Amino acid sequence: RIVEHFPEISLGWLPSGEGDMFGRRERADAVPFYDGDLGACRQCSREREPDGVFSLPAMVGCDLAVRSSDDAMADEVMVGSILFLKQIGIEAIISGALYVIVCPSYVILRRARLCYNDAGQMRLKLEPANKNYDEMIVSPEQVDAIYRVVGSFRMY
C-alpha cells in the first residue's frame, strides 16, 4: 500500500532498508557528467568518478557531459553551458562541426576541418568563433582524443 501511495519509494528498500530509498540507479541511457572545465575530458572514465548523470533521450549514446570553459566559441557556445560529447576517431570528423580536442598540453572547443599540408599529410584546422583567438593547425599525432559535440545545455 505504501508503494501504491508513494510510487517513488523502492519496493526493495521497504522491508530491508538497504539500497536507495527512491530506487535510483544508473540507467543504461545515462550520460556521466563531470562538473568542471573541459579538462575533465582528459580524466573521464579512467581516473575519476562522474559527479552525476544526465538521462536525456536525445543524448543517448554520448560518452560524457562536461561544462564548457572555453570562450573561444563564446559567440556560439556560452561559457558554463553543458556539452554532451561522443568520442570519435579523426577519420569520422564532419568538416565544420564542433569538437572538443584533447592534446597533451591543452583541451579546447573548436570547429574542426580536415585539411592537408603540401606533403599531403592530414591536418586538423581548428577554428574559433571568437575573433580574439587564432586558428590552429594540428597533426593527428598531436591529438590524444576527439569528442564530437552532440548537443549543449545552455546555462544562464
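The structure is a predicted model, in which local features need pLDDT of at least 70 and side-chain atom pairs count only at pLDDT 80 or more, while totals for chains, interfaces and linings use all residues. Residues are numbered from 1 along each chain as its sequence is written, and side-chain values use heavy atoms, with hydrogens and water left out.

## Overall architecture

The chain contains 3 helices and 9 strands; these are DSSP runs numbered from the N terminus, helices being H or I of at least four residues and strands E of at least two. Along the sequence, the elements follow the pattern α-α-β-α-β-β-β-β-β-β-β-β. Of the 156 residues in the chain, 38% are buried, where buried means under 20% relative accessible area, exposed over 50%, and partly exposed in between (1.4 Å probe, protein chains only). The chain exposes about 9400 Å², and carbon and sulfur atoms supply 50% of this area; the areas come from the Shrake-Rupley method with a 1.4 Å probe, and for residues only the protein chains shown count as cover. Among contacts (heavy atoms within 4.5 Å) between residues at least 6 apart in sequence, 52% join residues at least 24 apart.

## Strand 4 and its partners

Strand 4 is largely enclosed by the rest of the structure, because 5 of its 7 residues are buried. Two strands are taken to pair if DSSP finds at least two bridges between them. Strand 3 (residues 64-67) runs antiparallel to strand 4 and is joined to it by 4 bridges; here R67 stands opposite I82 in strand 4. Strand 4 is also joined to strand 9 by 7 bridges, again in an antiparallel arrangement. The bridge partner of K86 in strand 9 is R148.

## The aromatic cluster

Rings of Phe, Tyr and Trp (its six-membered ring) pair if their centres lie within 6.5 Å; planes under 30 degrees apart count as stacked, over 60 as edge-to-face and the rest as tilted. The whole structure holds 3 aromatic pairs. The rings of F54 and F84 have centres 5.2 Å apart and planes at 70 degrees, so this pair is edge-to-face. The pair links distant parts of the chain, with F54 in strand 2 (residues 52-54) and F84 in strand 4 (residues 82-88), 30 residues apart. Both F54 and F84 are buried.

F54 also forms a tilted pair with F153, at 6.4 Å centre to centre and 50 degrees between the planes. F153 lies in strand 9 (residues 145-153) and F54 in strand 2, so the pair ties together parts that are 99 residues apart in sequence. F54 has a relative accessible area of 18%, whereas F153, at 41%, is partly exposed. Ring pairs link F33, F54, F84 and F153 into a cluster.

## Salt bridges

A salt bridge is a side-chain nitrogen of Lys or Arg within 4 Å of a carboxyl oxygen of Asp or Glu, and this rule gives 7 of them.

| R67 | D35 | 3.0 Å |

R67 lies in strand 3 and D35 in the loop between strand 1 (31-34) and helix 3 (40-43), 32 residues apart. R67 is partly exposed at 23% relative accessible area, and D35 is partly exposed at 41%.

R110 belongs to strand 6 (residues 107-116) and D70 to the loop between strand 3 and strand 4, so the pair ties together parts that are 40 residues apart in sequence. R110 is buried, with a relative accessible area of 5%, and D70 is buried at 9%.

## The surroundings of E127

E127 is placed in strand 7 (residues 122-127) and is buried at 14% relative accessibility. Salt bridges that share partners join R113, K125, E127 and E135 into one network. Not counting residues up to four places away in sequence, E127 touches M73, R110, R111, R113 and E135.
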